[in-house]
Amino acid sequence: MKKNKTFAIIGGGPGGLTLARLLQLKGVDVKVYERDFNQEVRVQGATLDLHQESGLKALCAAGLMDEFYANFRPGAGKLRVVDKDAIIKMDWDEEEGQEENRPEIDRGPLRNILLNSLAPGTVVWDSQYLSMVPYGNQWKISFKNGSSATADIVIAVDGANSRVRPLITAITPVYSGVTIVEGNVYHADKNAARLQKLLGGGKIFALGEGKSLILSAKGDGSISFYTGCKVEESWLQDSGVDFSDKSAVFDWFKTEFGSWNEIWQELFQGDEFFFVPRPQYHFPTDQQWTSLPNLTMIGDAAHRMPPYTGEGVNIAMLDALELSECLTNETFPTIAEAIAYFEKQMLSRASASTQSALASTEMLHSDDGLERLIQLFDDFSEPVKKDFAEPLKK
Ligand SMILES: Cc1cc2nc3c(=O)[nH]c(=O)nc-3n(C[C@H](O)[C@H](O)[C@H](O)COP(=O)(O)OP(=O)(O)OC[C@H]3O[C@@H](n4cnc5c(N)ncnc54)[C@H](O)[C@@H]3O)c2cc1C
């Protein structure tokens with residue numbers, strides 16, 4: 001099937017790069033078109049835990065476990081649950097042996113591992129996809145920088161706001177009711193010293209009044225965080241907050257989280273800053289479409305969902321593994337049949353993941369979200385410590 005065919009992957013995030021690596025291992029001629037200007041662009045976002053049955057399974061098939069273990073972050077999975085006053089309600093750590101089940105890695109190192117595994121020239125940087133038209137039996141792809149490319153098979157891995165997806169289905173996303181503001185505090189030892197200490201190298205879930213604040217310590221000494229608030233879908237436009245202006249975002253935070261302990265304000269005290277508002281959408285859990293013979297999609301492009309179950313990267317990488325296996329499995333007589341089979345499995349899995357992501361979103365943003373989260377840990381695991389840490393002084 002793969003003989004003499006060219007494959008184009010749109011988007012070089014974890015899903016797209018994993019797919020490129022796995023296809024290359026099977027001798028496939030593949031290029032990745034990525035909108036980032038180059039490899040040096042700083043990768044934002046929280047530390048990720050990779051799961052045995054998905055993210056790690058894909059990395060293992062990609063032959064990259066040694067590289068992974070040279071870059072992972074032991075201990076980064078410990079979780080502290082606090083209330084809005086930063087009073088510790090529960091500490092949870094991996095039980096012995098568990099850490100290997102869901103080891104943590106920062107996004108930047110994960111991306112570098114995948115990039116370094118690819119043949120030189122596989123990723124074509126500064127290639128922001130604009131449009132695509134049939135071109136004989138192929139696709140002709142146009143990019144914002146004026147260049148174009150052709151390919152026999154295109155795989156869209158261009159994330160939650162995929163520009164390619166409308167060529168596959170007209171199904172649009174549904175607003176989940178929660179909008180996130182994502183940010184990063186660089187040099188946290190200096191700019192957010194008390195929060196850095198409270199984090200202790202792990203993650204914090206702070207919950208109260210139906211709002212969430214999730215922090216994660218990163219290996220480069222920064223803290224990544226995201227707020228979660230139940231607001232109207234149009235909040236971004238209505239609020240008038242200028243997210244390129246730190247003081248405007250800080251003013252919004254001081255109002256929205258006005259009754260929370262002032263310690264959280266450290267998140268806005270650095271000189272370098274980065275904020276992105278992200279209204280949280282998901283695709284309908286029963287979404288389906290008729291498969292195309294030479295175009296498909298994986299990852300967030302196919303099944304975006306709120307991040308509260310920590311599955312997004314993992315299932316994007318599992319999609320990559322399963323799609324690579326289908327596309328290179330000679331038991332499928334045609335690529336069209338391979339894509340149809342793959343999409344059926346993917347949609348079924350994504351439906352279940354979306355349902356649990358929505359349930360977590362509702363729980364964490366309910367009035368008793370804190371109690372419900374602690375109860376959940378009580379039901380499913382044994383917290384290492386509970387309720388005995390010294391409350392943080394106000
Ligand atoms: C705040 C937050 C926290 C999260 N936390 C976690 C977590 O803890 N664990 C977890 O597993 N998941 C988490 N997720 C979800 C996770 O980030 C996504 O599910 C995952 O990154 C999806 O991978 P992807 O490769 O499909 O898409 P992306 O990671 O979005 O990658 C898409 C790539 O395509 C490129 N691109 C976009 N548009 C174009 C274009 N037009 N042309 C060319 N290239 C383009 C982008 O630059 C990017 O490199 C979180 C998400 C958010 C927002």
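Trainee: How many residues surround the ligand?

Mentor: This is a predicted model. The closest are E34, R107, Y129, D300 and V313.

Trainee: Which residue has a polar backbone atom 2.9 Å from an oxygen atom of the ligand?

Mentor: Polar contacts here are N or O pairs within 3.5 Å. G310 places a polar backbone atom 3.2 Å from a ligand oxygen. For G312, a backbone N or O atom also sits 3.2 Å from an oxygen of the ligand. The residue at 2.9 Å is G15.

Trainee: How much of the ligand's exposed area does the protein bury?

Mentor: Start with the ligand taken alone. It exposes 1000 Å². Of that, the protein buries 87%.

Trainee: What is the shell's make-up by class, and how many of its residues are charged?

Mentor: Nonpolar residues number 9 in the shell around the ligand. Polar ones number 11. The charged count is 10.

Trainee: Why is the protein as compact as a globular protein of that length?

Mentor: The fold has 12 helices and 18 strands. For 394 residues the globule rule gives 21 Å. The protein is as compact as a globular protein of that length because its radius of gyration is close to that, at 21 Å.

Note on methods. Residues numbered from 1 in each chain as written. Predicted model: local features only at pLDDT ≥ 70, side-chain atom pairs only at ≥ 80, totals over all residues. Heavy atoms only, no water. Near = heavy atom within 4 Å. Polar contact = N/O pair within 3.5 Å; in protein donor to acceptor, adjacent residues only side chain to side chain. Areas by Shrake-Rupley, 256 points an atom, 1.4 Å probe, with all protein chains shown as cover. Nonpolar A, V, L, I, M, F, W, Y, C, P; charged D, E, K, R; others polar. Helix = DSSP H or I, 4+ residues; strand = E, 2+ residues; numbered from the N terminus. Rg over C-alpha atoms; globule rule 2.2 N^0.38 Å.
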